[in-house]
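Subject: Structure handover

Hello,

Here is the structure for you to look at. Please open it beside this email and follow along.

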Amino acid sequence: MAEPPLQETERLDLAEFGRMLRERRGTLSIRQAAVDAGVSFSTFSRVEAGAHPDLATFTRLCSWLRVPAARFFNPVTERRMTPLDEAVTHLRTDPRLTPEAASTLTSVLTDMYNTLARDLPQPRTAIACHLRAASVMRPGVPHRLASLLTDMRDELERKVEAGEL
């Protein structure tokens, strides 16, 4: 079974955002910069100091900075999206479904999936080795090394299957 795609979770880089606001403001007073940016003095001051802005303020300040909003988002975690996660996400974001209908459908789908999905054995981890220096080794060494590595892999697999590892 193929691994589910990664879903990135991102975090707003408030330190970089505040630094860029201070840099762009330069010698302007906070009041003047706030007027130019279209936000209140207190909001500009808080955000420049590292506070989390609301979406409208964030977009106005990004526009004032003349940078795309995506510039301030940094990935912090990755998690695998299962097919069930993807289906549930689609149902929950479908504008034709009420929240109650989406909840009912996701509940039914989750129950069906959990009942019908098979637990597949975990794929065995293979040992792989790329011999970049094989072309400069003495004749016969790459083959002997390959044989040794194969024997090691076979023994490790035997120990795993026997429950010794």
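First, some ground rules. This is a predicted model, in which local features need pLDDT of at least 70, side-chain atom pairs count only at pLDDT 80 or more, and totals for chains, interfaces and linings use all residues. Residues are numbered from 1 along each chain as its sequence is written, and side-chain values use heavy atoms, with hydrogens and water left out.

The whole chain

The chain has 7 helices and 2 strands. These are DSSP runs numbered from the N terminus: helices are H or I with at least four residues, strands are E with at least two. Along the sequence the order is β-α-α-α-α-β-α-α-α. The chain has 165 residues, and 19% of them count as buried. Buried means under 20% relative accessible area, exposed means over 50%, and partly exposed is in between (1.4 Å probe, protein chains only). Take the contacts with a separation of 6 or more: 59% of them come from residues 24 or more positions apart. Contact means heavy atoms within 4.5 Å.

Helix pairs

Two packed helices are described by the angle between their axes and the distance between the axes. Axes are lines fitted to C-alpha atoms, for helices over the stretch in contact, and angles run from 0 to 180 degrees between N-to-C directions. Under 35 degrees counts as roughly parallel, over 145 as roughly antiparallel, 65 to 115 as roughly perpendicular, and the rest as oblique.

Start with helix 2 (residues 30-37) and helix 3 (residues 41-48). They pack at about 105°, with axes 8 Å apart. So helix 2 is roughly perpendicular to helix 3. Ile30, Arg31, Ala33, Ala34 and Ala37 of helix 2 touch Phe41, Phe44, Ser45 and Glu48 of helix 3. This contact has 6 nonpolar, 1 polar and 2 charged residues. Ala, Val, Leu, Ile, Met, Phe, Trp, Tyr, Cys and Pro count as nonpolar, Asp, Glu, Lys and Arg as charged, and the others, Gly among them, as polar.

Helix 1 (residues 14-25) also packs on helix 3, at an angle of about 120° and with axes 8 Å apart. That makes helix 1 oblique to helix 3. Phe17, Gly18, Leu21, Arg22 and Arg25 of helix 1 meet Phe44, Val47 and Glu48 of helix 3. The classes here are 4 nonpolar, 1 polar and 3 charged.

Now helix 5 (residues 83-93) and helix 6 (residues 99-116). Their axes come within 9 Å and cross at roughly 165°. So helix 5 is roughly antiparallel to helix 6.

Single residues

Is phenylalanine 44 buried or exposed? Phenylalanine 44 is buried, with a relative accessible area of 0%. It lies in helix 3. Leaving aside neighbours within four places in sequence, its contacts include Leu21, Ala33, Leu61 and Trp64. The C-alpha atoms of phenylalanine 44 and leucine 21 are 8.7 Å apart, across 23 residues of chain.

Threonine 43 is also in helix 3. Threonine 43 is buried, at 16% relative accessible area.

Arginine 66 sits in the loop between helix 4 (55-65) and strand 2 (73-80). Arginine 66 is exposed, with a relative accessible area of 65%. Its phi is near 60°, a positive value in a residue other than glycine.

Best wishes
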